[in-house]
Amino acid sequence: MRKIVLLLVCVVLAVPLFGQTTLNGAGATFPNPMYSKWFSEYHKVHSDVQVNYQPIGSGGGIRQVTAGTVDFGASDMPMTDKQLQDAKAKILNIPTVLGAVVPAYNIPVVIGEVKFTPDALAGIFLGKISKWNDKALASANPGVNLPDKEIIVVHRSDGSGTSFIWTDYLSKVSPEWKSQVGADTSVKWPVGMGGKGNEGVAGFIRQMSGSIGYVELIYAIQNKIPYGSVRNSAGVFVKASLESVTAAAASAPKMPADFRVSITNAPGKDAYPISSFTWLLIPAQSKDAAKGKILADFLNWMVTDGQSMTSPLAYAPLPENVAAKVKEAIKQVK
């Protein structure tokens, strides 16, 4: 009898496992805090669904979804025409939230915010501006006692959508950057040291006096790293915030049908110039029909309930017109 009871207990405990579905994804670190929250909250209302997400960088996410080794990918750079052609299945670029990449710095002697012009940021990352008290920085920051101290540049070492957003912006504001370096998830950096993921770059900036790097806004906030305002295309210095990122999306070019758009250096006096959508890379036809149905359900949840969770993590929700288009696109997921 004791054996029978033990057997029944094991069967009861095992029952939930048979109905468990695990989705595996990989990609961008830029939206990882948001995705971690979403996957956790979705699991609370769908206990039979577990989502495993590896924040390995946008380049890795694109490679894995292209190869079909994950159920979905994630990137802060929409896939190129060639990448879409090389994929084993049709891939949808589904925008999820908006975020900002900020110039984060560690200058202990400076109290208050440092302002950056486009020329100054390009000059720093080209290696042409090497001291914090360079006139290109000092002229934009009257009254700020910038030190005669070497600038240590920190960039990403991995294939990164955050790097794409940063280099896409620099390519738009600096002809020299565009011709010498260009925009991509991985570039040949003229100067600096590399950190893996937004976490790695943030860690180096915190540790190294005189450093500057670029990270997604939430990583600067969570790590208590100062970050500066950037002069936008209207000539106004704007600091990254939910409002300024939303303003960038509102004034940017019209959203194309496939959602592949860049909103860096957007027009408008209130727009933060280094803003971007981030995308989930979803196979339109899943290899497993059950997983395809779950992905579609998650995406519908994300574009409705999930959008209300963005603000506490310093992401901006999708504009209503974009969310409506996303709902239509989700109907393709099977």
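Predicted model: local features only at pLDDT ≥ 70, side-chain atom pairs only at ≥ 80, totals over all residues.
**Tyr315**

I then checked where Tyr315 sits: it belongs to the loop between α12 (289-302) and α13 (320-330).

Next I listed its contacts, leaving aside neighbours within four places in sequence. Tyr315 meets Phe30, Pro31, Asn32, Pro33 and Met34, among others. For Phe30, I found its backbone oxygen 2.5 Å from a polar atom of the Tyr315 side chain. For Glu216, I noted a separation of 99 residues in sequence from Tyr315, with 9.6 Å from C-alpha to C-alpha.

**Asn198**

I turned to Asn198, in helix α9 (residues 197-207). Its relative accessible area is 0%, so Asn198 is buried. Which side chain makes a polar contact with the side chain of Asn198? I found Thr162, at 3.2 Å. Not counting residues up to four places away in sequence, Asn198 touches Thr29, Phe30, Arg156, Thr162, Tyr214, Val215, Glu216 and Tyr219.

**His155**

My last entry is His155, in strand β6 (residues 152-156). Its relative accessibility is 8%; buried means under 20%, so His155 qualifies. I found a polar contact of 3.4 Å between the side chains of His155 and Trp189. Beyond neighbours within four places in sequence, His155 is in contact with Trp189, Val191, Gly192, Met193, Gly194, Gly195, Val201 and Tyr214.

Notes:
Residues numbered from 1 in each chain as written. Heavy atoms only, no water. Helix = DSSP H or I, 4+ residues; strand = E, 2+ residues; numbered from the N terminus. Contact = heavy atoms within 4.5 Å. Polar contact = N/O pair within 3.5 Å; in protein donor to acceptor, adjacent residues only side chain to side chain. Buried < 20%, exposed > 50% of the residue type's maximum accessible area, 1.4 Å probe, protein only.
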